[in-house]
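Dear colleague,

I am passing on the structure we spoke about, and below it you will find notes on what came out of the analysis. Please read them with the model open beside you.

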Amino acid sequence: MKKSKFLMAALGAVAAVGVSMGSPAVASDSKEPIKLTLHDWTGQLITTKLMGEVLKKAGLNVEYVQADYIAQFAGLKTGDLHVAMEIWETTGRDSMDEATATGKVENLGETGMQAIEEWWYPAYMKEVCPGLPNWEALNECAEAFSTPETAPNGRYLGGPVTWGGFDDERAEALELDFEVVHAGTDAALFAELESAYQRKAPILLWVYAPHWAPIKFKGEWVEFPAYTAECYTDAAWGSNPDMAYDCGKPRGPIWKVAWSGVKDKWPGAYAAIKNFKVSNEEMGAMVAAVDLDGKDLDAVVADWVANNESVWKSWIK
Amino acid sequence: MGFDLRKIGPVAWFWIGAFAVSLVLAQYAKGWSKAMGAKWLMKVPRDLRIPMKKDVSVFMDWLVEGAHFGLFTFKDLTRGLSWLIEQPYLLVKSVLVTGWVEGLGDEAVQHLPPLTWIAVIAIVFAMGYYAKNWKLAALVGGCFAYLAIFGQWQSAMVTLASIAIAVPLGVTGGLLLGIAGYRWQWFNRLLQPILDLMQTVPIFAYLVPILFLFGFGPVSALVATVVYAMPPMVRITILALQGVSPEIREFGVMAGCTGRQMLWKVMVPSAARGLMVGVNQVIMLSLNMVIIASMIGAGGLGYDVLTSLRRLDIGGGLEAGVAIVVLAIALDRLSQAFADRAPPEHMELETRFIRRHPWMLTCVLIVLGTGIAGIFATPFQTYPSVMEITTGPFWEDLVKWINVTFFDQLEAAKTFMLVTFLVPVKRFLLGLPWPWVLVLVTIAGWQLGRFKLALLCFALTLFILVNGLWAKAMVTVYLCGVSVVIAGIIGIPIGILAAQNKQADRIVAAFIDTLQTLPSFVYLIPVVMLFRVGDFSAMIAVVLYALAPAVRYTAHGIRSIDPHLIEAGIVSGCTKRQLLWRIKLPLALPEIMLGINQTIMLALSMLVITALVGTRELGQEVYIALTKADTGRGIIAGVSVACIAIIADRLIAAGSLRAKRRLGLET
């Protein structure tokens with residue numbers, strides 16, 4: 001049996017014909033597939049597929065590999081995996097630093113997206129607690145945010161302990177009458193939000209962006225005193241003279257990292273990945289299209305590639 | 001049934017006293033230790049700690065980077081193995097999923113399509129008919145049809161491909177290790193603790209080193225699956241070989257068998273029925289691993305479950321989860337049917353049976369026919385997506401409805417449970433001074449198993465102590481303990497019911513099978529929506545998962561009571577109630593205890609999953625270590641879980657044995 005277009009269409013992602021546009025920058029690149037890692041959240045899938053499709057346009061042989069967010073560093077170090085498109089300053093910093101310190105993994109710079117992480121409440125809570133989003137209003141409505149287990153203190157649902165974030169310290173330093181409860185995963189985190197939102201019940205929790213939750217649910221971030229580096233290191237800074245962390249959370253970039261061998265093996269791809277940039281707004285719109293409107297992820301990516309030719313052409317120059 | 005105080009022996013008095021002292025200690029020990037300036041009583045002092053996690057990390061680094069056998073490194077060896085495993089995997093995958101492909105990445109060119117969905121369904125249908133009858137054929141065919149109709153085909157075939165490799169590997173490895181254990185006592189003794197560790201150390205603990213050694217991708221997932229699924233095969237092999245009757249052995253000797261002939265032509269075939277039980281276990285456990293395997297690159301159904309739930313697409317997660325259950329049911333029933341056929345010789349892949357069968361021809365015709373037709377009309381190759389159905393929105397609406405309508409009632413029930421049961425138990429366990437617990441555990445070991453068991457209990461408890469994981473270990477004991485008690489309260493009556501009523505038995509069996517193979521993630525998210533993050537949600541998940549053995553062993557225990565004893569009871573005029581309480585339950589007690597033992601094991605193995613909803617125990621420690629890629633920390637925490645499991649297992653096994661002896665069931 002010969003190869004047929006039919007089968008390929010049927011099999012979709014598994015086998016596809018390489019389109020060779022052979023731009024000069026990538027002529028020296030290896031013909032072996034460059035492996036991009038996919039994780040389990042939509043934004044990351046979109047970022048990676050965007051990069052992958054652009055690399056394909058540049059004539060590279062691209063392969064997507066399913067991998068765990070943290071465990072992938074094992075593969076990146078050995079060269080089993082090649083590129084990871086989203087390492088969040090806020091959640092992946094430790095692993096990234098540990099990996100880059102070995103010299104086998106390289107940081108390829110920012111993706112252009114900024115991770116926002118902060119205490120968040122649904123819009124209907126503003127009626128209960130009109131002083132919001134100012135953080136000083138939180139103590140006045142602590143009771144409104146309480147549950148039987150925490151009353152009379154309010155309940156704040158923090159992220160998994162592995163995310164860090166210093167919420168226990170923050171609550172103490174700002175003398176908030178809130179108990180910090182940690183969710184184990186972000187699925188659990190947003191399950192609680194969904195549940196509370198369905199009932200219009202009070203909830204205060206850790207939300208991050210880019211993510212579908214702040215798009216799907218109407219709400220706001222609590223405004224804490226703005227983050228500065230001194231706030232985290234110098235106890236004297238801020239409203240509490242004896243404790244650090246009396247401010248909001250830092251907003252950090254989302255990084256791209258790669259196996260250090262990428263530079264020599266695929267110099268063209270290496271440059272293109274370094275050039276890759278998208279904004280929070282663009283990404284938010286795409287995530288919403290997939291997760292909320294139920295559109296096909298590959299179609300959304302293809303749309304972006306078709307509509308932004310000048311943007312990605314400049315990456316692969 | 002009035003209690004007679006004189007019936008309580010000195011041992012029981014000791015434990016009643018110890019419990020009373022514990023209650024007092026839990027309440028006041030903290031205050032006293034502070035007053036006396038002896039804080040070390042509550043908190044393990046730093047001087048006592050031997051932080052082994054650094055050493056473990058260093059050792060693992062050495063293993064991965066430095067270990068050398070002269071010509072090649074340890075890593076070369078594992079990578080070589082990895083390559084060997086990958087070849088058959090790629091072959092199966094190309095048959096089921098990708099087709100015959102040449103080239104790498106997106107330059108690949110497909111020469112041959114994979115088996116069409118119609119062909120796969122026809123093949124399993126034929127296997128079902130061959131193994132048993134039309135009914136089974138319809139069942140397994142229906143299971144696979146579900147996969148196509150609900151749009152799970154592609155993922156299910158990926159999962160099936162990895163199962164098709166993991167199971168033969170696990171079975172062969174288990175068989176060989178089991179034979180070695182049967183032959184050489186010393187090897188058996190060495191093997192037992194390793195098997196315990198393989199079964200009880202959470203997989204997350206050694207995921208990172210496996211990734212280093214076997215590379216990233218499906219092979220690592222396969223290796224992890226085999227490690228987890230193999231131990232029952234080893235144990236069952238040893239038991240089955242020991243169970244071969246001496247007559248058969250003697251017959252082999254008389255016929256002049258050589259050692260090898262004796263083993264492969266006499267022993268293994270005679271033990272085949274028992275061995276098939278092991279095969280069945282390997283299949284089920286491999287399917288249990290699907291979710292975790294998908295986290296490290298196995299893809300397939302596990303990945304679909306994870307992504308759906310991340311989007312809070314409860315319906316999508318459920319459908320993918322049910323696809324795993326359906327796959328498990330099909331494989332389970334098929335393998336059981338083959339086992340009951342008394343298979344000739346030893347196990348091979350099922351295809352061998354087909355080859356000798358007229359159905360074979362039909363299948364080949366369907367494979368070729370639909371394959372060729374598929375080139376001209378896609379619906380023959382891939383199930384048309386317009387005909388897929390989904391029940392997703394229904395489930396979402398259902399959860400939403402329950403949430404909006406019943407939240408207050410659920411909340412009240414939860415608060416009641418927390419206040420009256422969970423929180424007091426937690427306070428009690430965390431309030432005990434560690435030396436007291438150490439002493440009690442050791443005494444329990446002494447009473448049930450004398451010096452050896454006492455030493456084991458002491459050493460394992462000490463291991464947790466010196467690694468500074470005491471508080472987390474106590475929370476682990478609390479969460480597991482509470483869940484096991486509740487699982488027992490629910491499971492044992494269901495087991496009794498199932499043993500006495502055929503109709504109920506069938507329903508219960510189906511329910512239990514589903515609970516055990518449905519990935520816990522699927523129900524964990526709705527549970528969190530209804531009960532919020534915390535111990536209560538974790539407890540529900542653990543109870544649901546660990547319920548099965550309590551039911552099964554109870555039912556089995558009651559069913560296997562010697563009917564003469566029950567008749568004797570009836571003759572001497574027992575009422576139904578007396579029959580149950582005075583005869584059936586006491587006689588089934590050893591089995592029930594084994595069931596509780598298994599419940600504890602399953603509860604412990606769920607800890608890593610419950611850490612995902614925010615419990616603070618050893619499972620969380622393992623999980624944190626994984627996300628920080630801290631090998632040593634993960635392994636130490638994992639081994640601590642294993643320590644708790646082994647202590648519980650040995651104590652209960654010894655207790656069960658004593659009970660059996662007392663009842664005269666075993667000498």
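Of the 667 residues of chain B, 49% count as buried, a residue being buried if 20 or more other C-beta atoms, placed from the backbone, lie within 10 Å of its own, exposed if 12 or fewer do, and partly exposed in between. This is a predicted model, in which local features need pLDDT of at least 70 and side-chain atom pairs count only at pLDDT 80 or more, while totals for chains, interfaces and linings use all residues. Residues are numbered from 1 along each chain as its sequence is written, and chains are lettered from A and ligands numbered from 1 in the order in which they are written.

To stay with chain B, its secondary structure comes to 30 helices and 2 strands, where helices (H or I, at least four residues) and strands (E, at least two) are DSSP runs numbered from the N terminus. Its radius of gyration, taken over C-alpha atoms, is 27 Å, which agrees with the value near 26 Å that a compact globule of 667 residues would have, the globule rule being 2.2 Å times the number of residues to the power 0.38.

Chain A is divided into domain 1 (31–113 + 253–315) and domain 2 (115–233), with bounds that come from an automatic or database domain assignment. The C-alpha centres of these two domains of chain A lie 30 Å apart, and 15 residues of domain 1 are in contact with 9 residues of domain 2, contact meaning that the C-beta atoms, placed from the backbone, lie within 7 Å. On the domain 1 side, the largest share, 6 residues, comes from H12(A).

As for the contact between the chains, 55 residues come from chain A and 57 residues from chain B. The largest share of the chain A side, 9 residues, is supplied by H7(A). By class, that side has 28 nonpolar, 14 polar and 13 charged residues, where Ala, Val, Leu, Ile, Met, Phe, Trp, Tyr, Cys and Pro count as nonpolar, Asp, Glu, Lys and Arg as charged, and the others, Gly among them, as polar.

A word on confidence: chain A averages a pLDDT of 83, and 91% of the residues score at least 70, pLDDT being the predictor's confidence in each residue, from 0 to 100. Over residues 1–25 of chain A, however, pLDDT stays under 50. Where pLDDT is low, the predicted coordinates should not be read in detail.

With best wishes

How values were computed:
Contact = placed C-beta atoms within 7 Å.
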